[in-house]
Amino acid sequence: MSVVFYVKNEPSALVKALRPFQDRGIKLTRVESRPLTDEPEKYKFLVNLELNDIQEEHFQKAIGELRSTYGKEHVQVLTRRAPGDLGTGGEVAWFPTKISELDRFASQIESYGGELCSDHPGFNDETYKKKRKLFADIAYNYKHGQPIPTVEYNTDELETWRTVFTKLSSLFETHACKEYLKAWPLLVENCNYNKDNVPQLQVISEFLKDCTGFTLRPVAGLLSSRDFLAGLAFRVFHCTQYIRHGGNKMFSPEPDVCHEIIGHVPLFADPEFAAFSQEIGLASLGAPDEWIEKLATLYWFTIEVGVCLEDGDIKAYGAACLTSINELENCVSATSKKLPFEVDNIVTTQHSDATVQPVYFVAPSFAEAERKVREWAQQIPRPFTAHYNPYTQSVELINKRSKEIQDLANEMKL
């Protein structure tokens with residue numbers, strides 16, 4: 001459960017605001033604050049809570065007290081469970097059913113954002129930190145349907161982009177899959193992809209929407225696996241705008257705009273890859289935590305470090321491969337271990353983003369990978385299957401029992 005509220009910047013303001021929860025024994029697991037861009041005298045607080053069914057009444061009273069103090073419009077509850085599931089013994093984790101509901105968790109990043117840790121390459125660079133805050137504010141204030149603001153990259157950022165773009169693009173012709181190579185010149189032509197220009201997210205998003213219905217949404221840092229995968233269900237890719245620190249141009253401790261728009265974006269223009277990516281997102285909606293972990297592992301070994309077989313040769317399609325020279329050379333090498341694309345095997349394989357991968361899973365095609373993921377997802381313990389309606393940009397839930405009866409009826413007609 002998460003709560004967002006706004007308070008004036010004054011002594012003991014946070015202590016006062018949290019007291020309704022603490023007085024009722026409600027455990028706080030995370031508190032995050034940031035000043036409002038348009039009202040600098042106010043702060044926005046995000047509080048994550050651990051709440052059991054017994055404490056629901058206490059929680060509602062605490063929220064009532066907060067709203068009485070600060071105003072109903074200044075306190076927002078971001079429930080992580082579906083309404084009506086409390087106390088039923090059959091809880092399903094909350095998930096968005098409309099694309100606009102992605103707004104509800106866009107600011108709940110798990111690391112970095114506008115505030116860097118001491119081990120980040122840019123921690124001691126005040127100019128870099130100031131720019132990161134600008135990017136974070138764009139993401140925090142963005143709402144579905146708005147155009148993504150245009151940003152101007154400085155000389156240092158452009159030099160970093162130029163180095164990364166030039167070194168990586170020289171390897172694509174021999175190492176990347178054919179779907180990636182087909183999309184690349186289209187991005188050059190339509191989105192101004194080149195070594196001297198960092199393409200703007202709004203321009204890319206409009207291009208992808210015309211190709212496959214995928215769109216981009218700015219994000220300040222790493223989301224939880226559950227929230228990030230939920231975006232894919234709506235064909236939305238949460239995309240960073242900031243660029244890695246120039247101290248080490250070919251390495252970033254986090255996804256940055258180089259990784260996102262060089263590694264991920266091109267394949268979102270391919271219909272089969274777009275459908276495959278969305279299938280992983282749809283499988284995540286309402287899934288229990290342990291299954292989210294499996295889906296995150298599946299995402300890693302496919303969308304990040306995936307390889308495919310093309311005319312007898314191994315080619316890369318994963319973004320982490322396509323934006324790392326070491327990973328790219330390792331994944332196509334005859335010496336690295338390759339295994340068949342079997343989902344049950346993939347989701348139980350240990351992985352790390354600190355080294356090149358010891359094993360890769362070879363997809364025969366994106367369409368076949370999508371089919372296997374869809375069949376595997378039927379095991380996920382949830383009382384429904386999720387389907388995306390592109391006309392309303394919403395998710396429709398079909399009761400599994402009703403679907404089984406309909407499938408049986410269809411079989412009897414054959």
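**Entry 1. Conventions**

I worked with a predicted model, in which local features need pLDDT of at least 70, side-chain atom pairs count only at pLDDT 80 or more, and totals for chains, interfaces and linings use all residues. Residues are numbered from 1 along each chain as its sequence is written, and side-chain values use heavy atoms, with hydrogens and water left out.

**Entry 2. Strand β8**

I took helices (H or I, at least four residues) and strands (E, at least two) as DSSP runs, numbered from the N terminus. I began with strand β8, residues 236-239. V236 and H238 point one way from this strand, F237 and C239 the other way, and all are buried. Buried stands for under 20% relative accessible area, exposed for over 50%, and partly exposed for values in between (1.4 Å probe, protein chains only). In a regular strand the side chains alternate between the two faces of the sheet.

I then looked up the pairing, for which DSSP must find at least two bridges between two strands. Strand β6 (residues 215-218) and β8 run parallel and are joined by 4 bridges. R217 has H238 as its bridge partner in β8.

**Entry 3. The largest pocket**

A cavity is a set of points where a 1.4 Å probe fits but cannot get out, a pocket is an open set with protein on both sides within 12 Å along at least five of seven lines, and lining residues have an atom within 4 Å of a point. Grid points are joined across faces, edges and corners, and a volume is the space filled by probe spheres set on the points.

The largest pocket holds about 1400 Å³ of space. I found 48 residues in its lining, with P255, W300, E304, A320 and D353 nearest its centre. Elements giving two or more residues to this lining are β7 (222-223), α7 (225-233), β8, α8 (257-268), α10 (289-304) and α12 (325-332). Helix α10 supplies the largest share, 7 residues. By class I noted 19 nonpolar, 19 polar and 10 charged residues in the lining of the largest pocket. Here Ala, Val, Leu, Ile, Met, Phe, Trp, Tyr, Cys and Pro count as nonpolar, Asp, Glu, Lys and Arg as charged, and the others, Gly among them, as polar.

**Entry 4. Cavities**

I noted 2 cavities of 30 Å³ or more. The largest cavity has about 50 Å³ of space, and of its 11 lining residues W94, F95, P96, R226 and A230 are the closest to its centre. Helix α7 gives the largest share of that lining, 3 residues. The lining of the largest cavity divides into 6 nonpolar, 2 polar and 3 charged residues.

The second largest cavity has about 40 Å³ of space. Its lining includes H120, Y128, R244 and E254, and by class has 4 nonpolar, 4 polar and 2 charged residues.

**Entry 5. Aromatic contacts**

A pair of aromatic rings is described by the distance of the centres and the angle of the planes. Rings of Phe, Tyr and Trp (its six-membered ring) pair if their centres lie within 6.5 Å; planes under 30 degrees apart count as stacked, over 60 as edge-to-face and the rest as tilted. The count by this rule is 25 aromatic pairs.

F172 and W184 are an edge-to-face pair, because their ring centres are 5.3 Å apart and their planes lie at 70°. F172 belongs to helix α4 (residues 155-175) and W184 to helix α5 (residues 178-191), 12 residues apart. F172 is buried at a relative accessible area of 3%, and W184 is buried at 14%.

F276 and F341 are also edge-to-face, at 6.4 Å centre to centre and 65° between the planes. F276 is in helix α9 (residues 271-284), whereas F341 is in the loop between β11 (337-340) and α13 (343-346), 65 residues apart. Both are buried. One aromatic cluster includes F276 and F341, with F237 and Y299 also among its members.

I also looked for charges over rings (NZ of Lys or CZ of Arg within 6 Å of the ring centre and within 35 degrees of the ring normal). R132 lies over the face of Y242 at 3.6 Å from the ring centre, and K294 over that of W291 at 4.1 Å.

**Entry 6. Positive phi**

Most residues other than glycine have a negative phi. S12, not a glycine, has a positive phi of about 65°. S12 sits in the loop between β1 (2-8) and α1 (13-22) and is exposed at 55% relative accessibility. N192, likewise not a glycine, has a positive phi of about 60°. N192 is in the loop between α5 and α6 (201-211) and is partly exposed at 42%.

How values were computed
1 Å grid on protein atoms, 1.4 Å probe; cavity = no way out; pocket = protein on both sides within 12 Å on 5 of 7 lines; lining within 4 Å.
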